[in-house]
Amino acid sequence: MKGEGKMVLKSKMKWVGLVGLVLSAISLFVHFLLARFTEEGVSEFHSSITIFPRRAIGESLNFSKTSAMYRRLWGPVRPLESLHPDANPRGYYSDPDSDTNGFIFVRIQGGFHEIRNSICDVVVVSRFLNATLVIPELQSTTSSKGISSQFKSFAYLYNEDQFMAALSKDIKVVKTLPKNLKGQRKKKNIPSFKVPYAASPYYYKHRVLPVLKKHSVVELVVSDGGCLQAILPPDLEEYQRLRCRVAFHALRFRQEVQELATKILHRLRAPGQPFVAFDPGMTRDALAYHGCAELFQDVHTELIQHKRQWMIKRGIIKGNLFVNSAKQRLKGSCPLMPEEIGIILRAYGYLWDTIIYVSGGEIFGGQRTLIPLRAMFENVVDRTSLSILWELSRIYGREANLFESNPRSPPTVEEEMKVEAWKTAGPRPRPLPPPAARPKSYNIEGWWGWVAESDNEPDSTVMELRTNAHKLLWEAIDYVICVEADVFIPGFDRDGKGHPNFASLVMGHRLYQSAASKTYRPDREEVVRLLEEISDHLYHANHTWLMSVRKHLRKRLVDGLLEASTISKSMSFISHPVPECSCLRRDYAGKSINASTSTPSSQSQVIAALGIVHFARLGWRMI
């Protein structure tokens, strides 16, 4: 009996083992089928091992333009393929009156994106007031800033003749004031308005217009990146399309700048593969305004806090000096670091040899903040690596030499006596002579010695002012390349005043010019949450996490656009010029789009959410 019991027990154990092996085999088979036949394919299954292999298994097997993976990474956004640019007037639109109410002279302060926003606004204001616009003066590029004398202020950055020709049917534009008014301006006898940010049409109609009619000239000082509210009443919709004509057609960069940008673009495309443009948006002003000092260490935190204190004193910030940067980051109020952008791009499927173009006139923290991104992608480039020094120097023009040695004041009688006493002293060892007096100077973006000495920002030297003017040209080059890039992704979309920044204008231009091109608008709060999930094993994520990242980026291609229509557009119209400056293809209504990422119904929902109802006219062409 005992022997029979042992035999039965062994037999049962064999059956249990066999059943276990069968179940394991079935589980592996089902797992393989799920990974093989899901939308993402086997390559994603293998990438569950690590986000950063040199080349994920299966990814390079079929990378032709017709492959599913190529379409996912570089292909157009299907729901937006029917959108086309259309900034032409849609109703009665008269030519500018030859007999205007007077001249508007404008002085514009600020950086690249603020200048661009402000120019669009002052053109609309000139049309609204039936005034003649004098070519605006850009305060960052006046002769006092050390730039080449061969350029006037506006012409340092933009093409004056193109600007005047493109707007000939909208407003009357002249290069300078008449002689009599020019003399009055030099004597400061013309009325001047420091225009508030996002002023209403009512402000111009009831405050500026009466003064303009009385004096035949007014001066507007625009300092906050916009002098007219972004959202205008429905009866002024044609003025919104005028903004588009200014931003996307009239504002062409100076020929030398445009040519260099085109050269760099050709060098980027020379390898025959698409590229990603990335704008970090990490400026000291933006980090200080949004309370992100603790994202950095040591001196960089001090510099950001010093700037924040300066902003609080001037009423730019209403909050406290010390802010919990970790909480700000979790809320999505801080820029995504280059490392974080690199992780989500690799997780989405972009390979290690993808070309990443980094834009931006200034990346706070310097090149060391890009080290993790360069570790993930071997082809991280910028304008300096794609051009040579003389090409950049050529666009600056002939500039005066500012590197002469600083003149030293003659030594005092006391100092001369000390030196003489040292020479006539006894045998060595003798004390060292007193050090020569050196002029005290600091570099705003360099060493931090001035932080401990004053609560104020130090005055800029002429060399620093010149560098600021150069930054406008650098950003102009970056702007052209980002607009033309196959894919664009921003690290941040707000500036040091909480307004839309350079990246926002790029996204607006891409939306107008080629709405279906891939423009990622990641939700920073959601991205940070996803990154926190794998913070303990950042470089090894599981398949579920990869799928979450890919789903998020795909979703934000459209959802981020709809979100911008309520957030960015309310502060800068040209950051989201839809639906006023877009139209639909005539075959849109009857065409069925056969694509896995979009259906006709979902496309209709997106178009309806964006509010686009205007169809392209017969014989339509973009102006």
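Helices (H or I, at least four residues) and strands (E, at least two) are DSSP runs, numbered from the N terminus. This is a predicted model, in which local features need pLDDT of at least 70 and side-chain atom pairs count only at pLDDT 80 or more, while totals for chains, interfaces and linings use all residues. Residues are numbered from 1 along each chain as its sequence is written, and side-chain values use heavy atoms, with hydrogens and water left out.

- Helix α8 covers residues 237–250, and its 14 residues should span 20 Å at 1.5 Å a residue; the expected span is 1.5 Å times one less than the number of residues.
- The end C-alpha atoms of α8 are 19 Å apart, which agrees with that expectation.
- Of the 14 residues of α8, 13 are buried, where buried means under 20% relative accessible area, exposed means over 50%, and partly exposed lies in between (1.4 Å probe, protein chains only).
- Helix α18 covers residues 502–513, and its 12 residues should span 16 Å; the end C-alpha atoms are 17 Å apart, which agrees.
- The rest of the structure largely encloses α18, because 11 of its 12 residues are buried.
- The buried residues of α18 include F502, L505, M507, R510 and Y512.

**Salt bridges**

- A salt bridge is a side-chain nitrogen of Lys or Arg within 4 Å of a carboxyl oxygen of Asp or Glu.
- D224 and K497 form one, with their closest N and O atoms 3.0 Å apart.
- D224 sits in the loop between β7 (217–222) and α8, and K497 in the loop between β11 (487–490) and α18, so this pair ties together parts that are 273 residues apart in sequence.
- D224 is partly exposed, with a relative accessible area of 27%, and K497 is partly exposed, also with 27%.
- R254 and E256 meet through their side chains in a salt bridge of 3.4 Å, N to O.
- In that pair, R254 counts as buried at 6% relative accessibility, whereas E256 counts as partly exposed at 25%.
- R494 pairs with D493, the closest N and O atoms being 3.9 Å apart, and both residues are buried.

- K152 lies in the loop between β4 (137–138) and α5 (160–166) and counts as exposed at 54% relative accessibility.
- V30 belongs to helix α1 (residues 2–37) and is partly exposed, with a relative accessible area of 39%.

**Residue H543**

- H543 lies in helix α20 (residues 543–564) and is partly exposed, at 28% relative accessible area.
- H543 and A347 are 196 residues apart in sequence and 9.8 Å apart in space, C-alpha to C-alpha.
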